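Q: I have a structure open and want to learn how to read it. Can we go through it one feature at a time?

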Amino acid sequence: MRSGNQARLGSTLPSRESAESGAPLPSRRELFSSLGNGFVGGALAYLLGRDLLSAQPLPADSGQAPDLKPRRPHFEPRAKSVIHLFMNGGPSQIDLFDPKPMLKKYEGQPPGRDLTNDVEQIASVGTLMPSPFEFQKRGRCGMEISEMLPFLSRKVDDIALVRSMFTKHFNHEPAIFLMQSGRTIVGRPSLGSWVVYGLGSENQNLPAYVVLDDPKMLPVNGLQNWQAGWLPPVYQGTRLKSEGSPLLNLKPKEEFPTPVLNMARSILTRLDGDHLHRHPGQPELQARITNYELAARMQIAASDALDLSQESPATHEMYGLNDEATASYGRRCLMARRLVERGVRMVQLYIEEQIWDQHSDLAGGLRYACGKTDKPVHALLTDLKQRGLWDSTLVVWGGEFGRLPLSQHPDKKAGRDHGPPGFSVWLAGAGIKGGTVYGATDELGHRAVENPVSVHDLHATILHLLGMNHRDLVYRREGRNERLTDEYPARVVNGILA
Amino acid sequence: MAALLSRASLFRLSLLTACLAVVPGAIPAVAETDPPPGFETRVLPLLQAKCLACHGPQIQQGELDLSSLERLLEGGAAGPSVVPGSAERSLLFQKVEAGEMPLGQDPLSPGELEAIRRWIDRGALADGQDPGAFQARNDLKPAVTSHDVLAPILHVRCLICHGRRTQEAGLDLRTRASILKGGKSGPAMVPGKPAESLLLQRIQAEEMPPPKDFSRYCVRPVTSPELEKLRRWIADGAPETPSNGASRDSKGSTDRNDTADLWSFQPPSRPAAPRVAQSDRVRNPIDAFLLEKLEARGLGFAPPADRLALMRRAYLDLVGLPPTPDEVRAYHRDSDPQAYERLVDRLLDSAHYGERWGRYWLDAAGYADSEGKVHADNLRPHAYRYRDYVIRSFNDDKPYDRFLLEQIAGDELVDYRKLDSLTPDAVEPLIATGFLRMAPDGTWSGAQNFVPERLDVVADQVEVLSSTVMGLTLACARCHDHKYDPLPQRDFYRFSAILRSAYDPYDWLIPQEPLLAPAGGPFPKRLLRYGSEEELREVKRNNGPVEQEIKRLKRSLEEKAAPFKARLLREKREKIPEALQADVEAALKVAEDSRSQLQKYLVESFQEFLTVEPGELEKRFEEYREESAKVNEAVRKAENKLQRHPSIRALFDMPGEPTPNYLLIRGEHTRPGDAVEPGVPSALQAHTRPFRIRKPEWSSGRRLALAKWLGQPDHPLTARVMANRIWQHHFGRGLVATPGNFGKLGTSPSHPELLDWLATEFVRQGWSVKAMHRLIMTSGAYRQSSGNTGAGATNGHSENSLLSGFPLQRLDAEALRDSILKISGRLDPTPFGPADEVEVQEDGEVTSQCTTAGCRRSVYMLQRRTTPLTMLDTFDAPQLNPNCVKRSQSMVTSQALQLWNSRLARKSARHFAGRVIDAVGSDLESQVEQVYLAALSRWPTASERQAALREIGELDRYWSEHLDSHTPAEPKRSRARWLALSTFCHAMLNSAEFIFY
């Protein structure tokens, strides 16, 4: 099992014997190329990481050290990996996914008491405002999508659109926490942490839960978005950077000559070997040695996974890497594909701080946000399909809330305020029934009224597709069984499943 | 004119009806002339399809059977399932509406929900049953009573202007009586006559709460159902809510007395130390208790630890830093048989002791230097005083009962109204109350200052207090009775009522100045302005000139604004209907208090035409906009130079009675249940002296009563929980492994007698924490070797809980960073004061800002929630949301990467090597010895020495041969050696032996 794997890999690292016998130290290049027998590539790195690792049962209250070994889900999963395209800021359902012709009729009328009650910034509230964009029926299924998403419009037969999401808070911070962790408060484990806690990872040379955030800016709630909360920190999201060195301290800040580095490793191997010898039967000490070996392997595996120069010019073009508007998000979409290809369980993409948060200049803001993401997302869906990853990868697109059918700052270029009671998300890929429209908001697009889907329902559905029952994925803490869905009612949204 | 004024609101009302008509699910009540729906035809088929599998004749989950009307009305364990006439109050409807039921299935469709709602609202009748039957049983609609109206509708919106602090227009809206009394305009309500009630009129007209103040005062408009409720309440004569406390207690949520089986609720006993076979290993009673269990398994203690290993353990354990090579040498030479005991005393006297053990308490208190919750994550510039208080208290060995008393009720010990006359020493107890100010608190931001967020702050503090001091998970009882422990929901509200005279969610103080709002907003700050003379002088020296500058800038802007303002007012007045212009002008010329009724009315009505709101000028005049932006930017810059007035981040009672405290059904502030008085958990009352409030002159006495109640010597929890915490930090695991949960689901104590003995001994020694350290550290158990504590040697008991050997422990994040700094000579030992800034590097690493004197200990680094120091974060320093009673210990790749590649590690290794060379000169063997003494507190063995000489020699040769290409100007030989030794030191700082002790 794992030890076998370690033994094989470990044997290529400088051993105590070779150091003590004074044999010439292998160069770093020799060392690492011997890892992959000269091959460098995703497939091999993937195989190296995953072979010999058989599935473990879900972690229970066994007191065993937390790890990322692959674990068997509760039942046969539909999806093995998740790519979560988190669109923080609150994309406007009314202008993108959820056409509301009735708004034309009420255009310019002030809101009633109850609609006003959902407004976050009351000082700037305007009147009912229809979408300035045209909607058209698309694809074989005839799903209506806004003209702002021309690329996604070609993929409607592959996605299931949920138009009846709702959430509980009209501020970004709590609403994002809710979407990420099931509660509006900080400190609980994120969805991704639960997923890798439940399933481990198929590739031990890469982090199990990878976050690709926007190099421009951290999202609202920053690093807390991918925290493990009180789950063991090993389940925390690891931020891989899409520019420069992918992982913090993956390489030393200053270059050292290879022989010096190798000697340093060899000294450490000797010190720890001797120490382990004096403290036999201490699993932590062995784990620590393994950890340093993994760190060394990760140096190549992570660099390799994010090396987009290995992709063809056609692929670069498809993801929009040659166009300034789409290059940044395109890079991350392409990286996401390369990561799930290598067995990474959970990849989350974030977007620069408030790209979807159009309090004013709705049209300009949406044009920018869609222009940045629409083409890359389309490329990702296409690419997953053509590489046979479609049936094992779940793609989730959505933000923390939607927007109100009202104008905001009507004196300037109008925008829309946050709209928690109704918004849209879509899912695609493994286990999803393409071409589905699920649920509906009221005629103003304000509140989810038909088949409302809570954030907990969405979480339960994602876990379900990964082969887990949200009620059984528990972590025992201070004597209590904790869950992602906490004590909230949650159901699997069967209507969107294939 | 009246028509002109109200057109907008009329329009809005008409639209509201339009909206209602098109929104499914918000169908207005239809005329109730059709016969009411019957159970058998309308409801039973639905129940059969969705509910009866679990609540039917065969199975009755929750003792509930829905298969007949009779059984349905009877209800189940949670009470009646239906309140005829009110779907909203019926459990059955609540559950299906919230989607909680049917369990695991799709929720009911809106049509099905509507069918159930209508059936209940129309009386929950059987097919063909006479509506009169229901009429006779109940009123058609349940009465709206004061509970439904006061807190959920009025308190949440109105008290900021009509409450304890301010009573605008003489009006106080806190109670039914005060509403009846009314204000300047007479009674606010006429029971039975909604149309004549000012309260309703003003709300209905959307004058109250004033829409322009919504954002500033953090209120939302009254919704239509709320308005209707208010109307009905007044129409029905504004009935008070009858207390149904007794009936509630009789079913389900009683104050249960089933504590007999919960060990931790019984007062600790004082067991005698048992007799054991290996009596030669018994140094004090601790050993006897431990050996008894070990011997029962055929085990014993491990051999005593090596002398230097024990020395290192004592250092790392008590001060979190390794001994210097000289200290190792001196201790090695010390032949006094009491050398170890004297060492422990020395370390307990060290000023670094409080920095190590204070940190544990700061975890439990949830200490942070920022507010959290909101993205801006505002800093808490005054929090450090509490951190320093904790460190000082540990250094002074402040008796634990006193330590708790000050932290829980310091403001009730010291009269904070006389703050200015108090010496820095006298204000210590006020600083101590920072303990109850550490929860994440985003309410300084207007967007997060609504009642639910305020309740979250209070709940977090209850969690901190109960988990840290009592080992209880009381916060679990916020929404329902505790599922496992004898803690009814009422206990949570009793307990939070203790905090309510300071933390009143309807009379809120914000934690600090909001970021962008102008000073002096509607919410006072929860800060006490206080500084030592020296601090005040410094602030004055700094701020004086800056304030002058700001004043000058603002004056200049006002001067520039004047002509624009005049122009705008002129334009505005022209918009007043012509016929009235002259009258308004005339009214304005009359002094405010001598205006006639009509004039007053005119001025009030045209307020917006007569005043210039902030921002209006900028909107209207482009020339002014530019000018104003320029000046305001200059003001902002100047303001950034202002030092905040030194303050204490304290918790303090506010004068007067707090708003009434209710149990909140399901934790929702819109659903108040019974009024609840302050008190302690009911199940503990049987085993403790009563919680009794004696009111000091200036405060409520509530927290004082709590602290005294906790400090009683035989309290079942206080001493046990702290003794367990002390044990946990010495051995890595508490006798109760779940230090924050002494309840049924917590781990039961591995050695209950030992825990009781320690708890009683703790009290007997005057609650002295240092006495406990001495006791534990001089035990035979503590002095065991850690050589072999793996599974084999412990005969299968998990986690070595029986302690047959000292459990190997990893340095925690702070001790690791501090030790690296100390060894490399970069530790700046300066204690106390404002937190040291951190820097976010380009690659995202958060590092500490150090001076030429070095870096200070980790406990003094800025603990901003959004930028935790990467080094500490990587090694499991917890995010405190709200607190942490036990850190997890991870083994992740980022730790290896951090220690191997980070700036801190690389730089420290070079400094380490430099200090070694400085100390012992160029002799390689002495250098190796010094590295071992500094990093591992021992001499190298012969073979280690050999290996090290060879390794460093090889590196030295390499550098000698290759240095030219690097820095040709420097002396090659000494630099080569230094670099070679650096590499060795770097490996040493990464080694397991350095990190585990």
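A: Start with contact. Two residues are in contact if their C-beta atoms, placed from the backbone, lie within 7 Å. Keep in mind that this is a predicted model.

Q: What do the buried residues of α9(A) pack against?
A: Look for contacts between elements. The buried residues of α9(A) pack against α10 (191-199) and α16 (455-465) of chain A.

Q: How many residues of α9(A) are buried?
A: Count neighbours around each residue. A residue is buried if 20 or more other C-beta atoms lie within 10 Å of its own. In α9(A), ten of its ten residues pass, and the helix is mostly covered. H172(A), E173(A) and Q180(A) are among the buried residues, as are I176(A), F177(A) and L178(A). Just after α9(A), G182(A) takes a positive phi of about 85°.

Q: Zoom out to chain A. What are its elements, and how much of it is buried?
A: Chain A has 16 helices and 19 strands. Of its 498 residues, 60% are buried. Now check sequence separation. Take contacts between residues at least 6 apart in chain A: 77% of them join residues at least 24 apart.

Q: How many residues of chain A are in contact with chain B?
A: Interface size can be expressed in more than one way. It is often given as the accessible area lost when the parts come together. Here we count residues instead. In chain A, 72 residues are in contact with 84 residues of chain B. Four helices of chain A, α7 (113-116), α9 (172-181), α11 (258-278) and α12 (283-305), each supply at least two residues of the side that touches chain B. α11(A) gives the most, with eleven residues. By class, this side of chain A has 33 nonpolar, 21 polar and 18 charged residues.

Q: Next, the core. Which residues have the most contacts inside the largest nonpolar core?
A: The largest nonpolar core has 349 residues. Those with the most contacts inside it include V162(A), L427(A), A723(B) and F984(B). α12(A) provides the largest share of this core, ten residues.

Q: Why does this core lie between domain 1 and domain 2 of chain A?
A: Both domain 1 (2-59 + 257-300) and domain 2 (81-246 + 306-496) of chain A give residues to this core, so it lies between them. Apart from it lies another core, of 17 residues, among them L72(B), M101(B), L108(B) and I120(B).

Q: What is V162(A) in contact with?
A: Set aside its neighbours within four places in sequence. The contacts of V162(A) then include W426(A), Y438(A), V453(A) and I496(A).

Q: Now helix geometry. What do α39(B) and α7(B) span?
A: At 1.5 Å a residue, the 21 residues of α39(B) should span 30 Å; its end C-alpha atoms are 30 Å apart, which agrees. α7 (residues 146-158) of chain B has 13 residues, and a straight helix of that length would span 18 Å. α7(B) spans only 15 Å between its end C-alpha atoms. α7(B) is also mostly covered, with twelve of its 13 residues buried. These pack against α11 (224-235), α21 (451-470), β3 (662-664) and β4 (672-675) of chain B.

Q: Where do the buried residues of α39(B) fall, seen down the axis?
A: An α-helix has 3.6 residues a turn, so residues three or four places apart point the same way. The buried residues of α39(B) include A948(B), I952(B), L955(B) and W959(B). Seen down the axis, the buried residues of α39(B) fall within an arc of 165°, so they line one face of the helix. The face turned away from the buried side of α39(B) carries the exposed residues A942(B), S943(B), R957(B) and E961(B).

Technical notes: Residues numbered from 1 in each chain as written. Chains lettered and ligands numbered in written order. Predicted model: local features only at pLDDT ≥ 70, side-chain atom pairs only at ≥ 80, totals over all residues. Nonpolar A, V, L, I, M, F, W, Y, C, P; charged D, E, K, R; others polar. Core = buried A, V, L, I, M, F, W, Y, C linked by C-beta atoms within 7 Å. Domains from an automatic or database assignment. Expected span 1.5 Å × (residues − 1). Arc of directions from axis to C-beta.
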